[in-house]
Structure formats: C-alpha cells, structure tokens
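Welcome! Open your viewer, keep the selection tool at hand, and follow along stop by stop.

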Amino acid sequence: MTTEYQICTRCLMDTSDPRIKFDEQGVCNHCHTYDLQEKRDLFPYEALVKIAKQVKADGKSKSYDCILGLSGGVDSSYVALTAHRLGLRCLAVHMDNGWNSELAVMNIENIVTRLGFDLYTHVINWEEFKDLQQAFFKAHVIDIEMLTDHAITAVMYNLARKHGVKYLLSGNNIVTESVLPHAWGHRKSDLANILAIHKKYGTVKLKTFPRCSTWEIFINQELRRIKTINVLNYLDYNVARAKQELMEELNWREYGGKHHESLFTRFYQTYILPTKFKVDKRRAHFSNLVLSGQMTKEEAQKELQKHPWSTETLAQDQEYIEKKLNITHEEFEEYLTTPEVDHYDYPNDEKTFWRVVKIRKLLRSLGR
C-alpha cells in the first residue's frame with residue numbers, strides 16, 4: 001500500500017486509490033489491467049453481427065429478442081442505436097428511482113419513439129428507496145449508488161424470465177469504464193450488505209424493492225443461461241463520435257458528466273465523493289479516455305482542474321436532495337465530516353461470492 005502521494009506516469013490515477021500499485025516505470029496497475037482487458041475483451045464488429053443473428057434466431061417465437069437497460073446516458077443510448085442498426089427487437093427497460101433529470105427522460109422518450117422499441121419503466125417505491133438511501137447515509141459507506149445498480153440488475157433478470165428472453169444488452173465497456181478502483185465502490189450483487197445496513201438503520205419495511213442475490217445471479221447466468229452482451233466492446237467506441245451520432249439521429253441531448261443523467265448521481269459524484277470520501281471519479285473516467293486514445297493526458301489534466309459543476313447548481317442540488325431525503329442541512333454537514341465506514345464492517349456475502357467463483361471455474365473446466 002502506497003503512503004506517499006504518487007500519480008501514474010501514464011494515466012491520471014493516483015494514491016487517492018488506497019490500493020493502487022506502481023511498477024518500476026511508475027505505471028499503475030489500472031493501466032496494466034486496461035491493457036490486458038483491451039487484448040482479451042475487445043472484439044471485432046463482425047463478431048457482434050454474428051451474435052445478433054443468433055439472438056434473433058433464439059427470439060424468433062418470442063415478443064422480444066433481447067432486453068436493453070436504458071438510462072438516457074450516452075453508453076446505454078448508443079447501445080440502443082446499435083441494436084436498432086442490427087435489427088434487434090428490444091424491450092427497453094428504465095429504472096425510475098425518483099432522481100431522473102428531465103433531460104434523461106426526454107432522451108429516453110426520443111430514443112424509444114424513433115427506434116420503435118417498447119419501453120418498460122420500473123417505478124421504484126419511493127418510500128422504500130428513500131429509506132434505503134437514508135440508511136446508507138447513516139451507515140457512512142461509500143457506495144450509495146449500489147442500491148440503484150442492484151435494483152436494475154434484479155429488474156432486468158425478472159423481465160428476462162417473464163418474457164423467456166436469453167439476452168441482456170449492456171452499456172458496460174472497456175474503453176470508458178475499465179479503470180475504476182475497488183475501494184471507490186462495492187460489489188453491486190451484495191444483497192446481504194444492503195439488507196444488513198437497512199436492518200440497522202432503516203425504518204420502512206422493504207416489500208417491493210427489487211433484489212437479486214449473488215446466488216440468484218449465478219442461477220440466472222449458469223442454469224437459466226441468460227447472457228449479458230457488452231455491445232460497446234464490439235465497436236470502435238469513441239464517446240465524442242457516439243454523442244454526435246446520437247444527437248443527429250435521435251435528437252439526443254448532452255447532460256453533463258458521466259452518469260449525470262441522474263440528479264442524485266450528479267451530486268454524489270461531484271460533491272459527496274470528493275468532499276467526504278476524497279474521491280474524484282473523473283480521474284478514472286479521464287484515465288479511461290487517455291488509455292483508449294480519446295484524450296491526451298495533458299488534456300485530461302486540464303479538464304480535471306475545472307470544477308465539475310457550477311457552485312450555484314451544487315447549492316441547488318444540495319437543497320433539493322436534503323429536502324427530498326428529509327435530511328436537515330445540519331445533519332448533512334455532519335454527515336460530510338463523519339469518517340467513512342467500510343462496507344465490510346457490516347454483514348456481507350463475500351464468502352458466498354467466492355464460493356460462486358469456484359463453482360464457475362469448475363463448470364468452465366468441465367466445458368459448461
């Protein structure tokens with residue numbers, strides 16, 4: 001573990017990641033991981049065309065070929081455009097957790113209307129979700145956003161089973177998301193962690209919150225054979241070009257930084273993370289673009305010096321979030337100055353996760 005400040009000689013990652021490691025040339029482990037994933041997990045477009053043919057063949061007798069998670073952000077929106085170009089019949093799925101920006105809603109409506117996709121919007125029970133978020137604030141853990149990510153995964157698998165669909169389309173990708181320190185978040189499938197934190201700090205009974213445990217994900221993937229296709233890993237994915245195409249073809253509109261289509265995510269990434277947890281996620285986002293050749297390190301450093309959002313907007317966001325979550329200004333300020341508590345200080349399913357990893361390896365060795 002590095003104690004003195006150090007920044008990678010190749011990307012922007014530094015010792016704000018407590019687990020970062022550097023080689024003799026000062027290149028960090030994130031760069032080496034990116035290089036490995038670039039060679040292993042990026043594929044030619046022709047491979048995606050072949051997969052699409054199989055997806056259409058498997059979905060021939062069903063209402064949909066595949067299910068697509070759609071947030072209104074650039075990654076998922078470009079997956080939708082690509083799926084349409086491939087002739088796939090998608091059920092677009094959106095999670096409304098109460099924090100959608102108007103711009104994100106507009107983007108989603110434009111996309112499904114112009115592409116002719118059906119849209120399923122899962123409106124999460126706000127009282128339950130608010131209570132969960134309040135509990136995570138009280139727990140002082142870093143990954144408040146895992147609640148939404150977990151719920152989206154659960155809803156996608158539920159719909160896949162309901163419609164007999166075997167394919168999920170995802171916007172997760174190497175060139176913009178490979179670099180992301182484990183210390184800056186928590187595993188999204190850890191339902192035990194979510195429930196333990198809620199049990200300690202929550203007050204509302206969770207009757208409808210979508211959930212999908214590590215075991216259930218394993219069953220969906222290995223026994224029910226529901227596959228996730230990371231579409232963007234089959235493209236020469238350039239974010240600037242993707243935005244331009246989306247604007248021209250779908251009347252898509254820019255919303256700010258990465259994942260800022262959610263009002264809460266915008267405030268979480270631009271204020272809560274840097275202030276309370278000393279984490280600037282832009283380091284990871286820009287590092288990905290540097291490593292994929294979409295930005296020079298010098299350009300990234302200049303962007304990093306800019307304030308991520310206007311002071312006026314941050315103040316408005318804070319007031320809105322405090323009011324919506326029933327948190328007083330004084331309580332929020334106290335929250336910001338209270339030390340972080342590790343997710344692993346609460347009950348979790350880490351042992352289960354590693355059991356699943358071993359079983360997966362065994363199945364792979366048997367040719368499954």
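Here is a short tour of a predicted model, with something to select at each stop.

**Stop 1**

Select residues 146-163, which form helix α6, and residues 191-201, which form helix α8. How far apart are the axes of these two helices? They lie 11 Å apart, and the helices pack at an angle of about 130°. That angle makes α6 oblique to α8. If you turn the view to look through the pair, you are looking at a left-handed crossing of α6 over α8.

Now show the side chains where the helices meet. On the α6 side, pick Met-146, Leu-147 and His-150; on the α8 side, pick Leu-191, Asn-193 and Ile-194. Sorted by type, the residues of this contact comprise four nonpolar and two polar ones, with no charged residue.

**Stop 2**

Step back to Asp-143, in the loop that joins α5 (126-139) to α6. Is Asp-143 buried or exposed? Its relative accessible area is 2%, so Asp-143 is buried. Show what surrounds Asp-143: beyond its neighbours within four places in sequence, there are contacts with Phe-136, Gly-185, His-186, Lys-188, Tyr-268 and His-343.

**Stop 3: a histidine in α1**

Next, select residues 29-41 to bring up helix α1, and pick out His-30 within this helix. His-30 has a relative accessibility of 9%, and therefore counts as buried. Which residues does His-30 touch, once those up to four places away in sequence are set aside? Look for Met-13, Asp-17 and Ile-20, and then for Val-179 and Pro-181.

**Stop 4: two cysteines**

Select Cys-66 and Cys-90 and display their sulfur atoms. Each is the other's closest cysteine partner: for Cys-66 the closest cysteine sulfur is in Cys-90, and for Cys-90 it is in Cys-66. A search of the whole structure finds zero disulfides. Both cysteines are out of view on a surface display: Cys-66 counts as buried at 0% relative accessibility, and Cys-90 counts as buried at 2%.

**Stop 5: a leucine in α11**

Move on to residues 263-276, helix α11, and select Leu-263.

**Stop 6: two asparagines with positive phi**

Most residues other than glycine have a negative phi. With that in mind, select Asn-251, in the loop between α10 (239-250) and α11. Asn-251 has a positive phi, near 55°. At 36% relative accessibility, Asn-251 counts as partly exposed.

What is the phi of Asn-326? It is near 55°, a positive value in a residue other than glycine. Asn-326 counts as exposed, with a relative accessibility of 54%.

Conventions:
Residues are numbered from 1 along each chain as its sequence is written. This is a predicted model: local features need pLDDT of at least 70, side-chain atom pairs count only at pLDDT 80 or more; totals for chains, interfaces and linings use all residues. Side-chain values use heavy atoms; hydrogens and water are left out. Axes are lines fitted to C-alpha atoms, for helices over the stretch in contact, and angles run from 0 to 180 degrees between N-to-C directions. Helices (H or I, at least four residues) and strands (E, at least two) are DSSP runs, numbered from the N terminus. Angles under 35 degrees count as roughly parallel, over 145 as roughly antiparallel, 65 to 115 as roughly perpendicular and the rest as oblique. A crossing is left-handed if the near helix is turned anticlockwise from the far one by less than a right angle, and right-handed if clockwise. Contact means heavy atoms within 4.5 Å. Ala, Val, Leu, Ile, Met, Phe, Trp, Tyr, Cys and Pro count as nonpolar, Asp, Glu, Lys and Arg as charged, and the others, Gly among them, as polar. Buried means under 20% relative accessible area, exposed over 50%, partly exposed in between (1.4 Å probe, protein chains only). A disulfide is a pair of cysteine sulfur atoms within 2.5 Å.
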